[in-house]
Amino acid sequence: MIDQKHYNFAFLDENSKREIRRCILKAIAIPGYQVPFGSRELPIGRGWGTGGIQVTLSIIGNDDLLKVIDQGSDDSVNAINIKKFVNSTTDVLVTNDSEKATIIQTRHRIPEIPLKEGQVLVLQVPIPEPLRIIEPKEATTKKMHAQCEYSPMWLYLYEDLLRCGKIGIGAEYPVTVENRYVMNPSPIPRYDVPKLNQAEGLYLFGAGREKKIYAIPPYTDVTPLSFSDAPFETEDFRGKVCRLCGAKGVYLDELFDEKTGEQFYECSDTGFCAKRRGE
Amino acid sequence: MDKVFDFDFTFDTQKVFRNLMEAMARPLTQYSISESANRFQDKNKAILALGCTLLDNEVSFYVEMDSVLQSTLSDYTMAKTSGIEEADYIITSSHLNYATINILLENAKQGTLADPQTSATFIIFCDTLNGDVTFTLEGPGVNGIEKVKTTEYIAEILKLHSGQDYEYPCGIDLIFVSNDADIMAFPRLCKIREVF
């Protein structure tokens with residue numbers, strides 16, 4: 001049983017939090033740059049959101065209200081377990097309302113309602129390195145970032161364009177931050193990428209397995225990589241509505257009825273959908 | 001047994017850090033850490049609050065011309081003291097002349113293109129953060145171009161900082177802290193221009 005009787009507030013020891021906090025400040029000062037940190041062991045396997053959890057545990061305090069979502073859902077196993085874990089070691093209250101939450105930890109989605117000043121969105125990141133698809137060596141990608149040498153990335157996108165007629169990257173679409181660093185926005189869909197640009201809130205990214213923290217401060221230029229004759233496009237949900245709340249123009253999950261084969265759509269952001277239905 | 005301070009290394013450091021994080025994310029916006037800083041009975045209470053939030057045995061620091069503060073911070077945090085060139089945090093506890101500040105800026109670690117996070121962070125004491133010198137401010141964390149008012153002392157330091165012409169991502173981040181335990185930050189990517 002994990003609770004405050006047996007563990008420090010927010011599970012991590014103070015030295016660990018302090019190191020992560022120092023890295024967060026550097027990450028904010030250098031938007032899009034991956035700051036290395038000493039990722040700690042947690043009672044959750046690496047690859048299950050440990051980077052995001054460590055960031056959340058390092059910033060959370062008694063006055064916070066926490067929301068955790070996984071692929072937009074407040075009720076998935078991963079989200080529920082993270083909420084239980086943080087609550088049991090901090091007594092911080094949790095919510096499904098993204099407008100009330102002060103810290104939102106998320107995997108693979110950004111809530112529909114834009115962040116406001118004072119809100120922090122913590123994203124869990126499996127592979128923080130956007131250049132990994134073109135270069136397997138960490139030492140080389142580090143040098144490429146240092147020298148702002150992103151031509152192989154552009155070539156990759158161009159080849160993709162030639163092969164498929166469009167850039168085929170779906171989730172974790174690479175972006176440029178403040179015209180300097182190419183950054184992986186974590187596996188969020190393309191639909192969510194424009195929300196990072198000139199946002200009111202603060203975005204923190206934690207990759208536990210890869211031991212990296214990076215950030216996008218408020219009002220920062222975040223531009224998806226694209227060509228002038230092949231502009232960046234988001235997923236197209238024209239003509240589709242959520243069958244539960246009737247929302248249009250939001251990110252929808254496509255579902256099938258196993259028996260009838262009927263295809264229908266529901267809001268991916270379950271908190272947003274429930275709020276629209278007055279739940 | 002008398003307590004030297006009531007500062008809580010778990011809860012107060014968290015509160016101070018959250019204000020610091022917001023300050024770094026919103027350049028030259030003031031945040032108050034007085035609630036936590038007042039738990040120290042020391043004239044440098046705000047610097048101690050920041051020091052105890054950021055320093056430990058993994059980092060080094062340098063205090064300009066204040067051996068008492070240096071010794072206190074070392075005792076409370078177990079952080080190593082070092083020279084200007086190696087220090088992760090450079091702290092000033094009084095108003096210094098601009099030539100001294102320039103020497104500190106010139107000699108502090110700027111990080112490297114590959115590892116810009118190895119740069120130094122300055123914690124600069126000021127009597128107050130409020131003044132009549134007007135600047136325009138732009139960069140990450142700033143909504144377009146904002147007008148900011150501050151003191152002549154801070155304005156001069158910002159000019160000296162700009163004068164270093166760091167090659168981004170190398171650079172130095174500044175944290176200003178006042179007598180009243182108000183803080184504000186100036187990360188390396190921000191740009192200022194004086195309005196006459």
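Okay, let's start with chain B: its secondary structure comes to six helices and 10 strands, where helices (H or I, at least four residues) and strands (E, at least two) are DSSP runs numbered from the N terminus. Chain B has a radius of gyration of 16 Å, close to the 16 Å from the globule rule for 196 residues, so it is as compact as a globular protein of that length. That radius is taken over C-alpha atoms, and the rule is 2.2 Å times the number of residues to the power 0.38.

Quick housekeeping before I go on. This is a predicted model, where local features need pLDDT of at least 70 and side-chain atom pairs count only at pLDDT 80 or more, while totals for chains, interfaces and linings use all residues. Residues are numbered from 1 along each chain as its sequence is written, chains are lettered from A and ligands numbered from 1 in the order in which they are written, and side-chain values use heavy atoms, leaving out hydrogens and water.

Back to chain B. Its C-alpha atoms fill a box of roughly 55 × 30 × 30 Å along the principal axes. Of its 196 residues, 59% count as buried, meaning under 20% relative accessible area with a 1.4 Å probe, protein chains only. Take the contacts (heavy atoms within 4.5 Å) with a separation of 6 or more: in chain B, residues 24 or more positions apart account for 62% of them.

Among the buried ones are B:Ile47, B:Leu48, B:Leu50 and B:Cys52.

What about charges in chain B? There are 15 positive and 29 negative ones, and their mean positions are 6 Å apart. Here Lys and Arg count as positive, Asp and Glu as negative, with His and the chain ends not counted; the place of a charge is NZ of Lys, CZ of Arg, CG of Asp or CD of Glu.

On to chain A, with six helices and 12 strands. Its radius of gyration is 19 Å, close to the 19 Å the globule rule gives for 279 residues, so chain A too is as compact as a globular protein of that length. The C-alpha trace of chain A spans about 60 × 55 × 35 Å along its principal axes. Of the 279 residues in chain A, 58% are buried. And its charges? Chain A carries 35 positive and 39 negative side chains, with the centres of the two sets 3 Å apart.

Technical notes:
Buried < 20%, exposed > 50% of the residue type's maximum accessible area, 1.4 Å probe, protein only.
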